[in-house]
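Subject: Structure handover

Hello,

Here is the structure you asked for. Please load it first, then read the notes below.

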Amino acid sequence: AETLYKRQPTNIERAVYDFLVLKGIVFEKQKVINDKFCVDAYIPSLNLVIEADGKYWHTLPRIMKKDKAENAYLTKCGYKMLRLSEEEINNGKFKERMVS
């Protein structure tokens, strides 16, 4: 099993964090949920989990499988999920999906 530890944020995570800070949205970085998953960002007021998915890593079959399991588990626990691709973060399109 993957260890749940906080690590240095990736560039795309940092872009998401910067945007949330800019918008004045209170969030937690790399929040561990139920000792099962460490999510990139969690917005308590919206009960929303945000995952910034890097292209290389999240196209690997075993990681895709883990992402699916994570989505299913967190949704079942009542969390809302927002997965952002590296591409939409880099080109800024993710901002439209986050302000909705």
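Helices and strands here are DSSP runs, numbered from the N terminus. On that basis Asn34 lies in the loop between S1 and S2. One caution before the rest: this is a predicted model.

**The sheet**

Four strands make an open sheet, ordered S1-S2-S3-S4, with mixed pairing. S1 (28-33) and S4 are the edge strands, and each pairs on one side only. From one strand to the next, the twist averages 45 degrees.

S1 pairs with S2 (residues 37-43) in the antiparallel sense, over five bridges. Glu28 bridges to Tyr42 in S2. Lys29 has Ala41 in S2 as its bridge partner.

The hairpin of S1 and S2 has three residues between the strands. Asn34 takes a positive phi there, near 50 degrees. That is a positive value in a residue other than glycine. Asn34 is partly exposed, at 46% relative accessible area.

S2 and S3 also form a hairpin, with four residues between them. Asn47, in the turn, has a positive phi of about 50 degrees. Asn47 is likewise a residue other than glycine. Its place is the loop between S2 and S3. Is Asn47 buried, partly exposed or exposed? Its relative accessible area is 24%, so it counts as partly exposed; the cut-off for buried is under 20%.

**Helix H1**

H1 covers residues 11-22. At 1.5 Å a residue, its 12 residues should span 16 Å. The end C-alpha atoms are 16 Å apart, which agrees.

Which residues of H1 are buried? They are Ile12, Glu13, Val16, Tyr17, Phe19 and Leu20. These cover an arc of only 160 degrees around the axis, so they sit on the same side of H1. The face turned away from that buried side carries the exposed residues Asn11, Val21 and Leu22. Just after H1, Gly24 has a positive phi of about 70 degrees.

**Helices against the sheet**

Back to the sheet for a moment: S1 and S2 pair over five bridges. H1 packs on the sheet and touches S1, S2, S3 (48-53) and S4. The direction of H1 makes about 140 degrees with that of S3. H2 packs on the sheet as well, touching S1, S2, S3 and S4. For H2, the angle is about 155 degrees with the direction of S4.

**Asp67 in H2**

Asp67 belongs to helix H2 (residues 61-76). Its relative accessible area is 7%, so Asp67 is buried. What does its side chain meet? A polar contact of 2.6 Å joins it to the side chain of His58. Leaving aside neighbours within four places in sequence, Asp67 is in contact with Asp53, His58 and Arg83.

**Lys80 in S4**

Lys80 is in strand S4 (residues 80-85). Where does its side chain reach? It comes to the backbone oxygen of Leu46, at 2.9 Å. Residues up to four places away in sequence aside, Lys80 touches Leu46, Asn47, Leu48 and Val49. Asn47 in that list is the turn residue of the S2 and S3 hairpin. Lys80 and Ile50 are 30 residues apart in sequence, yet 8.6 Å apart in space, C-alpha to C-alpha.

**Where to look**

Take the side-chain pair Asp67 and His58. Then take the Lys80 side chain and the backbone oxygen of Leu46. Finish with the positive phi values at Asn34 and Asn47.

Best regards

How values were computed. Residues are numbered from 1 along each chain as its sequence is written. This is a predicted model: local features need pLDDT of at least 70, side-chain atom pairs count only at pLDDT 80 or more; totals for chains, interfaces and linings use all residues. Side-chain values use heavy atoms; hydrogens and water are left out. Helices (H or I, at least four residues) and strands (E, at least two) are DSSP runs, numbered from the N terminus. Buried means under 20% relative accessible area, exposed over 50%, partly exposed in between (1.4 Å probe, protein chains only). A polar contact is a pair of N or O atoms within 3.5 Å; within protein, one must be able to donate a hydrogen and the other to accept it, and residues adjacent in sequence count only if both atoms are side-chain atoms. Contact means heavy atoms within 4.5 Å. The expected span of a helix is 1.5 Å times one less than its number of residues. The arc is that of the directions from the helix axis to the C-beta atoms. Two strands pair if DSSP finds at least two bridges between them. Axes are lines fitted to C-alpha atoms, for helices over the stretch in contact, and angles run from 0 to 180 degrees between N-to-C directions.
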